Amino acid sequence: MSTRQQQLWANFSRVHSKIIGVATHNARLLPVSKLKPSTDIQILYDHGIREFGENYVQELTEKSKELPDDIKWHFIGGLQTNKCKDLAKIKNLYYIETIDSLKKIKKLNESRLKTFPNDKIHCLLQINTSSEEQKSGISYTDIDTILEIIEYCNDTSEPKTVTFDGLMTIGSLYESLADSDENKDFKRLVDLKNFIIEKYPNSNCKLSMGMSNDYETAIKMGSDQIRIGTDIFGSRN
Ligand SMILES: *Cc1c(COP(=O)(O)O)cnc(C)c1O
């Protein structure tokens, strides 16, 4: 094995063991490979990993062409309406975790109907739980927008290529560095999930929360998926 192979697998295994150590439920470890070369992704792929997170539409498009087509891609970057069309062209796009408006999910649905109408895209709503101005996402207090998008997904009167699968958040740095077992931003996401489940008991509502700085707390608080870049691939500079 090359040094890079050893390093990446050791990093992945270390994070994975920590998850196993604290989780009482199944949680997915999603490697976030933005700005890292396809060769890094291929190394983890060769170890059996099939899901990866990417942030930039152009970069994801290129990587999806050069890497095996059984990779299930997660788009976790800022979503722009005019990029929905390009995203819809990526056949094995599995999740979009950054839906923040009805307009964008409608655009995505429309575009996907023209490209791969039988391949559904799982959608998570990005929620701004920290109220930081620079963070994107729907404010956790904007219940109307959140319910409007869920109802759009649930409405089967027109063809749908998008499904509502849950919520995603990026916790504030302040909360992730606080020496506490409870992260207030994650708590807000958990509360929102409970509210949604109560309103739509049949709804699937997974939580994508936790990154390199705060994933152990996130798992303890019930996260279904953590998104790890730095702790697996190293810093991005
Ligand atoms: C970059 C990124 C990550 C990974 O962050 P690390 O701190 O490097 O683990 C996770 N989620 C999102 C939305 C990101 O943009």
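The protein chain has 10 helices and 9 strands, counted as DSSP runs numbered from the N terminus (helices: H or I, at least four residues; strands: E, at least two). Its radius of gyration is 17 Å, close to the 18 Å that the globule rule gives for 237 residues, so the chain is as compact as a globular protein of that length. This radius is taken over C-alpha atoms, and the rule is 2.2 Å times the number of residues to the power 0.38. The C-alpha trace spans about 55 × 45 × 30 Å along its principal axes.

The model is predicted: local features need pLDDT of at least 70, side-chain atom pairs count only at pLDDT 80 or more, and totals for chains, interfaces and linings use all residues. Residues are numbered from 1 along each chain as its sequence is written, and side-chain values use heavy atoms, with hydrogens and water left out.

Around the ligand stand Lys34, Asn55, Ile76, Met168, Ile170, Met211, Ser212, Arg227, Ile228, Gly229, Thr230 and Arg236, each with a heavy atom within 4 Å of it. This shell divides into 5 nonpolar, 4 polar and 3 charged residues; Ala, Val, Leu, Ile, Met, Phe, Trp, Tyr, Cys and Pro count as nonpolar, Asp, Glu, Lys and Arg as charged, and the others, Gly among them, as polar.

| Side chain | Ligand atom | Distance |
|---|---|---|
| Asparagine 55 | oxygen | 2.8 Å |
| Serine 212 | oxygen | 2.6 Å |
| Arginine 227 | nitrogen | 2.8 Å |

The protein covers 90% of the 390 Å² of accessible area that the ligand has on its own (Shrake-Rupley method, 1.4 Å probe).

Leucine 35 is not a glycine, yet its phi is positive, about 65°; it lies in the loop between β1 (28-31) and α2 (38-46). Serine 131, also not a glycine, has a positive phi of about 60° and belongs to the loop between β5 (121-128) and β6 (138-139).

Definitions and conventions
A polar contact is a pair of N or O atoms within 3.5 Å; within protein, one must be able to donate a hydrogen and the other to accept it, and residues adjacent in sequence count only if both atoms are side-chain atoms.
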